[in-house]
Amino acid sequence: MDRSLKLNPRLITFGWPLILLVAAVSFPLVFPNAAVDNVAILTLIFASLATSWNIFAGYTGYNALGHTVYFGFGAYTMALISVNQQLPGGFGLFLLVPVAGVVAALCAVPLGWISLRTRGHAFVVITLIAVFIFQLLAFNLRGITLGSTGIFLPAPGFALDWYFLPYYYVQLAILVLALLISWYIRSSRYGLWLLAIRDDEDRAEGLGVRTGAGKLSAFVISAFFTGMIGAMYAYFIGSIYPQYVFDPALSITLVLMAFLGGVGTLSGPVVGALILEIAQQYFSLNAQTGYYQIFLGALFLIIMLLLPRGIVRSLFRLWSAWRIRRGAGGSPVAPERPEQPERPAVAVERG
Amino acid sequence: MSLLEIHGVSKAFGGIRALDACSLTVEQGSITGLIGPNGSGKTTLFNVITGYERPDAGVVTFNGADITQATPSRIFGLGLGRTFQLVRIFPRLTVMENMHIAVQRSGIRALLSRWSAPHERARASELLDFVGLTHLADAPAENLSYGQKKLLEFAMILIAEPKVMLLDEPAGGVNPTLAAQLTERIKTLNQRGITFLVVEHNMQFVMSLCDKVAVMHRGTLLTEGDPQQIRGNPAVLEAYLGD
Amino acid sequence: MPFEFDPVTVLDAVLAGILTGTVYALMGMGLSLIFGVLDIIDVAQAGYVILAAYLSFFLQRSLHIDLFLGLLITIPLLFLLGIVVEVVFIRPIKRDRTQLSILITFGIGLVIEGVLGVFFGTTERELDAWYVTQGIKVGNFYIAYVYIFAFIMAVALIAVLFVLLYRTKFGRSVRALMQNRTAAQLIGINVERVSAITFAIGAALTAAGGMAYGATTPFNNNSWYDLITRLFAIIILGGLGSVQGALIGAIIMLVLSDVTAVVWSPVWSSAVFFAALVLLLLFRPQGLFGSLATRKQ
């Protein structure tokens with residue numbers, strides 16, 4: 001009796017992520033359709049973005065609306081180096097991805113330090129403004145960024161029958177890495193610090209938590225991943241323009257993904273990204289302009305007002321409640337740290 | 001020996017003089033009560049001592065070291081813990097996680113390892129047992145009742161093994177049974193060597209617990225003495241009634 | 001020398017700044033009022049402005065109603081929209097009001113952007129009227145009539161707003177709420193009703209601002225993003241919650257921006273707003289007339 005119970009939690013905790021990983025790895029091989037793979041790569045990009053955002057904002061509670069800035073830094077780094085150094089396309093260019101990440105992270109140090117001198121709504125506003133600032137700079141510092149003409153990256157030269165595979169697997173690797181780091185942080189003392197900052201920053205500071213260093217380091221780690229993803233995006237799409245890589249709507253979409261799935265959880269951002277990317281593809285193909293924004297905005301409102309815990313957490317709660325009702329032997333199986341149910345910040349008025 | 005000394009501390013907010021050349025000493029090993037009518041500056045004094053406010057004038061020393069300008073974090077590291085009038089815990093974390101926040105570890109490696117080491121967990125469990133919250137160890141702190149949250153806050157500080165504990169209205173808003181339990185626990189901890197400075201309005205609580213009582217009025221120390229002396233002191237009565 | 005300093009053009013810019021600033025003040029005052037009373041930051045105000053511009057566009061193009069006359073329709077319409085938005089989307093927010101309101105109102109703005117895109121597409125529009133294309137020459141300056149009319153309208157509406165705030169019972173309730181929410185409740189002020197009406201007033205003011213904006217700048221459903229920064233810069237400079245501050249802040253910001261456009265380059269005139277915002281948020285978040293301490297609740 002005792003031994004079988006000990007086996008079960010570990011199997012469930014590590015079992016289904018492994019299954020998902022296997023599924024993800026084999027996906028493009030099973031579905032070599034170009035359109036499908038295209039969507040899959042974009043989904044991975046979104047999922048990684050949402051996960052990186054979560055590392056900072058989900059844990060510390062600082063809703064950064066300006067993470068697109070680091071996406072843009074990464075994209076421009078990749079584009080500018082590959083073009084200015086006249087590098088040939090191919091596998092080699094993937095080596096620039098971590099470089100872009102480092103550049104974005106370095107930029108995040110001063111920018112993060114400045115932004116983090118504010119809190120609450122001032123912080124949200126200042127990070128949002130950063131996107132507009134850098135978009136303006138990208139448009140107007142033509143000497144560096146070529147402005148609105150955009151930059152075209154070297155073609156990768158991959159054969160058509162496996163064209164998408166390198167992008168897919170590199171991006172998958174980035175997502176897995178981000179998820180691992182995210183998970184590791186959660187179970188570490190560092191993660192506890194971040195969560196304490198979210199709940200009561202000054203009290204945490206008074207108990208010895210190094211809040212300044214904690215926030216800034218999480219910010220920089222998050223920016224590192226976001227920058228890498230920007231570089232991947234640039235290489236994958238093949239061209240970048242200021243309004244697409246420094247896009248406030250992208251920032252909002254990121255936030256929505258995290259909230260949709262569940263802020264502060266591991267699977268939440270991935271689930272949110274999946275839903276949103278599929279929706280975006282649907283709208284861009286089947287509907288004229290405008291419907292996607294309506295969908296995005298409406299979804300935002302529905303989630304924030306009615307389902308602030310996000311889909312994953314709500315499902316988890318339903319599942320726990322169901323298990324309790326079924327009278328499963330002993331306490332319900334829970335992962336290493338049970339996902340904390342959040343009191344909704346928005347009270348739905350009852351008649 | 002005086003563990004905590006406050007000399008001539010003054011603090012004004014705008015036009016209001018919350019503290020006016022206030023002086024107080026807390027002897028090691030004592031349980032000192034701090035009473036006074038509303039607005040006499042008790043919480044402000046706590047804020048100054050623990051670094052949440054900087055005084056306009058005066059000196060605060062702890063164990064001989066000058067902590068007047070020190071940050072709350074450094075003061076806590078020196079061994080001075082404090083609870084708040086309106087209890088401050090971490091609502092979305094579990095009780096056990098709350099307990100681990102104040103655990104003092106040093107070094108980057110310690111930061112990156114698991115949030116709970118076995119000996120830390122053992123100590124946390126021991127303290128939860130001490131305050132009677134063991135059965136709630138995995139509950140989110142926000143689900144606790146007000147009294148339970150106060151106990152949690154109390155235990156959370158203890159895990160860092162403070163030398164002095166400043167308690168801001170520990171019996172406020174709790175039922176008499178809990179208040180009595182609190183008295184017992186404070187006395188036990190005092191016997192183990194922790195010094196206490198307690199702000200309270202509940203006179204019964206103060207009289208049964210403290211071996212010395214200081215009375216504040218209008219931002220400064222009015223008088224001090226043992227509980228019996230204070231109870232019979234007409235000036236103290238006047239301070240409470242006169243305001 | 002990238003900087004050109006010609007006194008005549010600078011003076012022209014100052015004048016233009018004052019004229020347009022007053023219109024922006026209308027919108028900024030609404031925003032500040034909303035923050036003061038409801039404790040929320042309504043990002044969607046920029047969206048209402050564009051919505052109002054499109055409404056005026058529609059009324060004029062399809063029904064041939066003059067822009068200013070059309071205000072008689074658009075102002076009440078936006079007032080109603082404000083009531084609906086406040087009751088359905090704002091009132092339920094209980095915790096972390098200010099931060100969450102930014103996200104929620106951003107969602108509302110997105111919906112507006114989408115709806116406008118569906119109905120009007122993304123082509124840039126401009127409001128047209130005789131007073132937009134014709135102007136008056138005063139000495140060396142040329143000012144299109146619309147700027148003057150809009151200025152007069154803005155001044156009139158601002159005056160009405162001040163009268164409302166300082167000479168009516170409703171205005172007293174609003175000011176009481178701005179100072180101390182709980183106390184206001186205790187003396188019998190219907191917080192919910194006053195909040196909803198204040199929000200609606202803020203939205204209604206954008207009807208006028210939107211028309212003026214549309215008559216002076218080409219716009220499409222995407223233009224609300226530009227406006228967000230400008231409006232934020234204005235109200236944070238003036239001080240969140242200070243209606244007079246919004247007025248002064250608007251004029252200062254618009255003058256600075258227009259002067260930068262002529263002295264340096266039009267491209268960098270928006271940078272003025274950004275710089276102001278960042279510096280303010282870092283060093284003086286209460287702006288000119290706001291109070292730093294959290295208001296008593």
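Visitor: How many helices and strands does chain C have?
Guide: In this predicted model, chain C has twelve helices and two strands.

Visitor: And what pattern do they follow along the sequence?
Guide: Reading along chain C gives α-α-α-α-α-β-β-α-α-α-α-α-α-α.

Visitor: How compact is chain C?
Guide: Its radius of gyration is 19 Å, close to the 19 Å that the globule rule gives for 297 residues, so chain C is as compact as a globular protein of that length. The C-alpha atoms fill a box of roughly 60 × 45 × 35 Å along the principal axes.

Visitor: What share of chain C is buried?
Guide: Buried residues are 53% of the 297 in chain C.

Visitor: Back to the helices. At what angle do H1 and H6 of chain C pack?
Guide: About 35°, with the axes 8 Å apart. H1(C) covers residues 7-38 and H6(C) residues 145-167.

Visitor: Is that crossing left-handed or right-handed?
Guide: H1(C) passes H6(C) in a left-handed crossing. Among the residues making the contact are Leu19(C), Val23(C) and Leu26(C) on H1(C), and Phe151(C), Ala154(C) and Ile158(C) on H6(C). By class, this contact has 13 nonpolar, two polar and no charged residues.

Visitor: New topic. How many residues of chain B are in contact with chain A?
Guide: 23 residues of chain B, and they meet 21 residues of chain A.

Visitor: Which helix of chain B gives the most to that side?
Guide: H2(B), with four residues. Helices H2 (72-78), H3 (95-101) and H4 (108-112) of chain B each supply at least two.

Visitor: What classes of residue are on that side of chain B?
Guide: Twelve are nonpolar, five polar and six charged.

Technical notes: Residues numbered from 1 in each chain as written. Chains lettered and ligands numbered in written order. Predicted model: local features only at pLDDT ≥ 70, side-chain atom pairs only at ≥ 80, totals over all residues. Axes fitted to C-alpha atoms, helices over the stretch in contact; angles between N-to-C directions. Left-handed = near helix turned anticlockwise from the far one by under 90°. Contact = placed C-beta atoms within 7 Å. Nonpolar A, V, L, I, M, F, W, Y, C, P; charged D, E, K, R; others polar. Rg over C-alpha atoms; globule rule 2.2 N^0.38 Å. Buried ≥ 20, exposed ≤ 12 C-beta atoms within 10 Å, placed from the backbone.
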